[in-house]
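Subject: Structure handover

Hello,

Here is the structure I promised to pass on. Please open it and keep it beside this note as you read.

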Amino acid sequence: MKNTHHEKPRVGILTSGGDAPGMNAALRAAVRTALEAGMDAVAIREGFRGLVAGGDAFKPMAWDDVGGIMHMGGTVIGTARSTEFRSREGRLQAVQNLLEQGINRLIVMGGDGSLTAADLLHREWPELVAELVATGRIDPEIAEKFPSLALAGIGASIDNDMVGTDMTIGADTALHRIAEAVDGIGATAASHQRTFVVEVMGRHCGYLALMSALATGSDALLIPEAPPAGDSWETILPRRLRAGRAAGRRDSIVIVAEGAIDSDGRPITADYVKQTIEKQMEEEVRVTILGHVQRGGAPSAYDRLMGTLVGHAAVDDLLDARPDTPPMLVGVRHNRVTRQPLTECVEATHE
Ligand code: F6P
């Protein structure tokens, strides 16, 4: 193996899973905090895929590399939904790449899936390092130098799908985008006295649907966490919309989370909701699927600020990390930056 000798402690930073507006602010803060503290900051491009690929995917960052990115949506270091990292061989290669680069401090930004994967990497680190030594892929000297992985997870996903932080980076921006879109739809709905079914993102999480329904005063919503019992909703929903019309309401909006299900776990699609309403109301119903527009665009001020605070805090923690420091989720609770044990957050999220 290459035995690159790095003088300074090095922190790797990657973004993973669905991109989230505000990731760039967190990256900027993390890189600059690391440099300021005398560490090297290395961006690992394309998320876990880049971690497994190594080589050019590892990019040492300078102060100016993260200039002028705060206002941009997405993530400038790229992201991916990696299948490579799901295999043990992929993770073994990832550890080899990190050791070759002298990195045993890592920041992973992502949602539930990405942080679960990061937690697994942390747990497997000692045995993967031992295997790399046993098979001659790394020098025992290096293995001794890096007995553990210091890991900080940052919840970043528009879904707001992590226990351990009140908000994940990107959720606030997505909510703004949805509220704007639903306001627009409301105007055309009212003009025609129509019902619109609006599908919002959230494969397993109804946060965006619930909060956007509240923020726009929508008439009904369907989310995965609260499946309607039986099929009575198919009668109740159109009845409620009819009552609204009778009382003079010109627009009706039903928000459906992408992952909405019934009590038997069967998906309730926006199209099915449309058909159900049309059957019992004498009017045409339109479906709007907001899709990836919810994830794009400039981050809100909140996501920039929160990204900056947690990116800074994550590097601070890694600077002080000792071999027995457990991985932490750096997030916010009651408007304060907080740390919670990552493993517990991941387990509670799955529950
Ligand atoms: O994880 C965020 C998210 O936007 C989910 O709400 C959505 O289900 C999914 O990503 C869409 O993923 P993709 O980028 O693969 O289309």
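Some ground rules before the rest. This is a predicted model, so local features need pLDDT of at least 70 and side-chain atom pairs count only at pLDDT 80 or more, while totals for chains, interfaces and linings use all residues. Residues are numbered from 1 along each chain as its sequence is written, and side-chain values use heavy atoms, with hydrogens and water left out.

The sheet

Seven strands form an open sheet with mixed pairing. Their order is β3-β2-β1-β4-β5-β10-β11. Strands (E, at least two residues) and helices (H or I, at least four) are DSSP runs, numbered from the N terminus. Two strands pair if DSSP finds at least two bridges between them. At the edges stand β3 (58–60) and β11 (336–341). Each has a single partner strand, so one side of each lacks a neighbour in the sheet. From one strand to the next, the twist averages 25 degrees. Axes are lines fitted to C-alpha atoms, for helices over the stretch in contact, and angles run from 0 to 180 degrees between N-to-C directions.

Strands β5 (residues 150–155) and β10 (residues 328–333) run parallel and are joined by three bridges. Gly-153 has Leu-329 in β10 as its bridge partner. Helix α11 (residues 342–350) packs on the sheet and touches β5, β10 and β11. Contact means heavy atoms within 4.5 Å. The direction of α11 makes about 85 degrees with that of β11.

Salt bridges

The structure holds 17 of them. In one, the closest N and O atoms of Asp-219 and Arg-249 are 2.4 Å apart. Asp-219 lies in the loop between α7 (207–216) and β7, and Arg-249 in the loop between α8 (233–246) and β8 (252–257), so the pair ties together parts 30 residues apart in sequence. Asp-219 is buried at 18% relative accessibility. Arg-249 is partly exposed at 35%. Buried means under 20% relative accessible area, exposed over 50%, and partly exposed in between (1.4 Å probe, protein chains only).

Arg-266 meets Asp-262 in a salt bridge (3.2 Å, N to O). Arg-266 also forms a salt bridge with Asp-264, with the closest N and O atoms 3.4 Å apart. Asp-262 is buried at 11%, whereas Asp-264 is exposed at 58%.

Loops

Ser-157 sits in the loop between β5 and α6 (171–192). Ser-157 is buried, at 8% relative accessibility. Leaving out residues up to four places away in sequence, Ser-157 touches Ala-20, Gly-111, Thr-168, Ile-169, Gly-170 and Ala-171. Its C-alpha atom is 34 Å from that of Ala-143, 14 residues apart along the chain.

Most residues other than glycine have a negative phi. Asn-160 has a positive phi, near 55 degrees. Asn-160 is in the loop between β5 and α6 and is buried at 11%. Asn-335 also has a positive phi, of about 65 degrees. Asn-335 lies in the loop between β10 and β11 and is exposed at 64%.

Best wishes

Definitions and conventions: Salt bridge = Lys/Arg side-chain N within 4 Å of Asp/Glu carboxyl O.
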